[in-house]
Number of protein chains: 2
Amino acid sequence: MTYCLGIITNTGLVIAADSRTNAGVDYISTYRKLFDFSKSGERVILLCTAGNLSITQGIVSELDRDLKTQEEINLHTLPSMYEVARYIGSKLRKIQELDEKWLKKDGIEPQCSMLLGGQIKGQDPALFLIYSQGNFIHATRETPFLQIGETKYGKPILDRTLSFNTHLEAAAKCALLSIDSTMKSNISVGPPINLVLYEKDTLEVKNWLKLRLGDPYLAEIRKLWEECLKQGFNNIPNINWQHRTSDTSEDILID
Amino acid sequence: MTYCLGIITNTGLVIAADSRTNAGVDYISTYRKLFDFSKSGERVILLCTAGNLSITQGIVSELDRDLKTQEEINLHTLPSMYEVARYIGSKLRKIQELDEKWLKKDGIEPQCSMLLGGQIKGQDPALFLIYSQGNFIHATRETPFLQIGETKYGKPILDRTLSFNTHLEAAAKCALLSIDSTMKSNISVGPPINLVLYEKDTLEVKNWLKLRLGDPYLAEIRKLWEECLKQGFNNIPNINWQHRTSDTSEDILID
């Protein structure tokens with residue numbers, strides 16, 4: 001499984017991804033899922049992938065090849081993040097079309113999804129979720145984060161702490177805790193964690209953190225968060241059972 | 001959707017359930033999902049249901065009918081919680097067999113699952129998860145909680161705060177926060193919340209809380225928890241980007 005998360009705020013972007021891949025529970029391996037296609041000073045392009053690994057690796061390989069062979073249309077020539085998302089969606093469709101029939105024949109799902117975050121010089125930063133069908137949505141002020149993969153365990157903390165006006169450093173902290181919560185509850189999501197903080201208009205990825213298994217910093221963050229949860233939990237008064245209703249009617253079938 | 005949760009500790013049981021049912025997003029209604037079949041002083045039997053409502057209502061109706069008509073085998077005559085679970089599983093299979101063909105014909109899923117918690121005089125309390133196939137597992141010291149329905153949003157808080165030795169009042173508080181987290185992240189889980197705390201060997205359900213929509217107590221608990229999360233979150237130091245690796249190799253395809 002995978003968990004990737006993108007956050008957009010009024011001052012930039014945060015992108016985070018785990019690195020665990022599994023085919024069943026008995027074949028678990030580590031693959032990077034966060035890729036940096038930026039061109040310093042001109043554009044920042046960050047891509048996270050989830051789903052069928054052969055499909056997503058195929059997409060990344062083609063994006064990279066088009067850059068290296070300087071195709072007319074590539075990640076560094078397209079004029080807007082919207083068109084970059086369209087282009088990546090079309091790569092996804094192409095690779096799926098190539099392989100889908102052969103995968104489905106053996107009951108293998110070709111599904112995948114991606115997060116695309118970045119900024120092109122002179123334009124605003126943008127964050128997209130590209131679906132397995134190649135279509136996509138973008139994050140907005142009202143919904144400033146997008147997730148792919150194993151999204152549920154890490155969503156409560158985002159729902160409770162994030163908004164478009166959250167300080168960028170706090171958003172990065174929040175992303176790390178969201179991934180850590182997911183790793184704690186689902187063993188198929190795991191380190192290394194890649195975490196990127198991009199400050200709007202710098203057009204350069206300066207803050208990239210890679211936390212490996214057993215990293216003392218990750219352990220410290222987890223310990224701090226667990227202590228904070230436990231302490232906060234203890235501070236909440238016990239349940240007031242006086243609220244108990246006399247709802248003990250004979251007929252249990254009618255509430 | 002539904003979220004039901006059962007916790008067993010060394011001093012008793014906590015059972016909690018929401019009350020929202022939906023058929024698609026455009027037909028949402030309120031149904032009780034936590035049923036009390038206890039016989040005071042002799043046995044405590046609490047049942048939570050999730051899944052296809054016509055199937056689960058059918059099961060509860062038959063359990064109730066067998067009690068009222070004093071069938072030889074009913075919830076008050078079976079000699080152990082294990083056999084109670086078997087009996088409920090057989091009811092589930094019976095109702096599914098009756099309806100399955102007609103439901104599947106129109107693409108409707110007959111799936112359901114149940115939590116069963118209780119104690120029979122002279123025996124230990126027990127907590128079971130009955131699957132849609134009628135088989136079941138029970139909670140243990142190592143895994144003291146079981147969930148059905150929309151289980152993921154509410155699991156991180158359980159993973160971080162619960163053990164078999166957790167104080168029963170704390171377990172109840174934890175259950176309430178777990179349900180509240182789920183309601184916050186998934187609109188198809190909603191109040192009233194039914195929450196029961198059962199103290200081992202009392203053979204009576206004394207603590208039953210029903211929290212309706214807009215209940216000030218529920219709002220207060222949520223506010224306290226959000227404040228505690230926010231404060232704890234603020235206390236965690238910002239990310240130390242010094243951990244940044246020089247992992248900016250030219251070839252992005254090899255990590």
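In this predicted model, K94(B) counts as partly exposed, at 38% relative accessibility. K94(B) forms a salt bridge with E62(B), and the closest N and O atoms of the two are 2.9 Å apart. The pair links distant parts of the chain, since K94(B) lies in helix α2 of chain B and E62(B) in helix α1 of chain B, 32 residues apart. E62(B) itself is buried, with a relative accessible area of 10%. In chain A, salt bridges that share partners join E62(A), R65(A), D66(A), K91(A) and K94(A) into one network.

**Helix α1 of chain B**

Just after the helix, Q70(B) takes a positive phi of about 50 degrees.

**Interface of chain A and chain B**

The two chains bury about 6,600 Å² between them, with 62% of it on carbon and sulfur atoms. Each side contributes to the contact: 64 residues come from chain A and 64 residues from chain B. Across this interface there are 20 residue pairs in polar contact. On the side of chain A that touches chain B, the elements giving two or more residues include α1 (53–68), α4 (168–185) and α5 (216–235). The largest share of that side, 12 residues, comes from α5(A). Its residues divide into 30 nonpolar, 11 polar and 23 charged.

**Salt bridges**

Over all chains, the whole structure holds 34 salt bridges, and 6 salt bridges cross the interface of chain A and chain B. Selected pairs are listed below.

| Pair | N to O distance |
|---|---|
| E226(A) and R160(B) | 3.1 Å |
| E150(B) and K152(A) | 3.0 Å |
| K39(A) and E42(A) | 3.7 Å |

E150(B) lies in the loop between β10 (145–149) and α3 (155–161) of chain B, and K152(A) in the loop between β10 (145–149) and α3 of chain A, so this pair joins two chains. E150(B) counts as buried, at 3% relative accessibility, whereas K152(A) is partly exposed, with a relative accessible area of 26%. In the pair within chain A, K39(A) counts as partly exposed at 36% relative accessibility, and E42(A) counts as partly exposed at 39%.

Notes:
Residues numbered from 1 in each chain as written. Chains lettered and ligands numbered in written order. Predicted model: local features only at pLDDT ≥ 70, side-chain atom pairs only at ≥ 80, totals over all residues. Heavy atoms only, no water. Helix = DSSP H or I, 4+ residues; strand = E, 2+ residues; numbered from the N terminus. Contact = heavy atoms within 4.5 Å. Buried area = accessible area lost by both parts, 1.4 Å probe. Salt bridge = Lys/Arg side-chain N within 4 Å of Asp/Glu carboxyl O. Polar contact = N/O pair within 3.5 Å; in protein donor to acceptor, adjacent residues only side chain to side chain. Nonpolar A, V, L, I, M, F, W, Y, C, P; charged D, E, K, R; others polar. Buried < 20%, exposed > 50% of the residue type's maximum accessible area, 1.4 Å probe, protein only.
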